[in-house]
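Thanks for coming. I will go through one structure this morning, starting with how its parts are arranged and ending with a few single residues.

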Amino acid sequence: MTDASILLVSAASIAFTHTLLGPDHYLPFIAMAKARSWTMGRTARIAFYCGLGHVLGSVLLGFLGIAAGWSLDGLVQFESERGSLAAWLLIGFGLFYLAIGLRRLLSKKNLRASDPHGRPKMNTPFFLFLIFLLGPCEPLIPLLLYPAAAANTGLVFQVAILFGFVTLCTMLVSVLIGLRGISRLPNLRARPYAHVLAGLTICVSGLAIRYLGL
């Protein structure tokens with residue numbers, strides 16, 4: 001295999017592993033879809049746009065870094081700081097949604113209601129997109145800088161496109177498989193707690209990223 005082929009295979013493998021091992025890439029969408037009664041189609045669209053923002057943010061940063069002549073250490077450090085910010089935003093969003101769910105659960109009105117129309121009014125897709133836009137793809141930066149150092153612009157674009165494609169596909173498949181699996185579970189008793197569980201799931205996802213490095 002040529003160096004270019006090895007790099008492209010590595011980019012695809014790393015993108016797949018990075019996405020699959022990061023619970024933030026799919027658990028928030030599964031949890032919110034369950035809590036807010038999103039269809040599979042709508043969930044897939046939201047996950048796609050969030051994933052696209054997630055990848056493009058790091059790609060643009062990588063291209064800017066290459067153009068400005070930034071060092072690998074500098075870019076990795078900047079991505080790490082972005083990662084910490086995104087993790088805290090995910091934790092904060094999860095805690096906020098958890099608090100709303102608990103408040104509604106403890107109110108007399110919502111103790112009597114278990115229909116999906118009693119969901120908190122907030123632009124959840126926008127908040128998720130913002131968090132994913134700020135969230136970095138740390139493994140992508142070294143993959144971009146390697147061909148850039150050899151002045152191979154074509155390979156830089158190939159790596160970026162392949163990494164983004166595999167990341168998006170892995171996200172969407174993971175979300176849809178998770179939704180399909182959770183739809184088969186009995187949920188009548190858990191339904192009043194859907195918003196609480198969604199907030200808790202998102203918060204735990206953020207904590208896993210912040211403290212476990214997932």
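Predicted model: local features only at pLDDT ≥ 70, side-chain atom pairs only at ≥ 80, totals over all residues.

Before the tour, one term. A crossing of two helices is called left-handed if the near helix is turned anticlockwise from the far one by less than a right angle, and right-handed if the turn is clockwise.

The overall make-up comes next.

Now the first pair. Helix H1 covers residues 3–21 and helix H7 covers residues 140–149; their axes come within 10 Å and cross at roughly 165°. Angles over 145 degrees count as roughly antiparallel, which means that H1 is roughly antiparallel to H7. What is the hand of the crossing of H1 and H7? It is left-handed. On the H1 side, Asp3, Leu7, Ala11 and Ile14 take part, and they meet Leu143, Tyr146 and Pro147 of H7. Sorted by class, the residues of this contact are 6 nonpolar, no polar and 1 charged.

H7 also pairs with helix H8, residues 153–183. The axes of H7 and H8 come within 8 Å, with a crossing angle of roughly 160°. H7 is therefore roughly antiparallel to H8. The crossing of H7 and H8 is right-handed. Here Leu140, Leu143, Leu144, Pro147 and Ala148 from H7 are in contact with Leu155, Val156, Val159, Ala160 and Phe163 from H8. That contact of H7 with H8 has 10 nonpolar residues, and no polar or charged ones.

On to single residues. Histidine 54 sits in helix H3, residues 40–68. Is histidine 54 buried or exposed? Its relative accessibility is 3%, and because buried means under 20%, it counts as buried. Its side chain reaches the backbone oxygen of glycine 135 at 2.9 Å. Apart from neighbours within four places in sequence, histidine 54 is in contact with His18, His25, Phe132, Leu133, Gly135, Pro136 and Cys137.

Serine 80 belongs to helix H4, residues 72–106. With a relative accessible area of 37%, serine 80 is partly exposed.

Where is serine 37 found? It is in the loop between helix H2, 27–36, and H3. Serine 37 is partly exposed too, at 38% relative accessible area. Its backbone deserves a remark. Most residues other than glycine have a negative phi. Serine 37 is not a glycine, yet it has a positive phi of about 55°.

To recap: H7 is roughly antiparallel to H1 and to H8, histidine 54 is buried, and serine 37 has a positive phi. That is the end of the tour.

Terms used: Residues numbered from 1 in each chain as written. Heavy atoms only, no water. Helix = DSSP H or I, 4+ residues; strand = E, 2+ residues; numbered from the N terminus. Buried < 20%, exposed > 50% of the residue type's maximum accessible area, 1.4 Å probe, protein only. Polar contact = N/O pair within 3.5 Å; in protein donor to acceptor, adjacent residues only side chain to side chain. Contact = heavy atoms within 4.5 Å. Axes fitted to C-alpha atoms, helices over the stretch in contact; angles between N-to-C directions. Parallel < 35°, antiparallel > 145°, perpendicular 65-115°, else oblique. Nonpolar A, V, L, I, M, F, W, Y, C, P; charged D, E, K, R; others polar.
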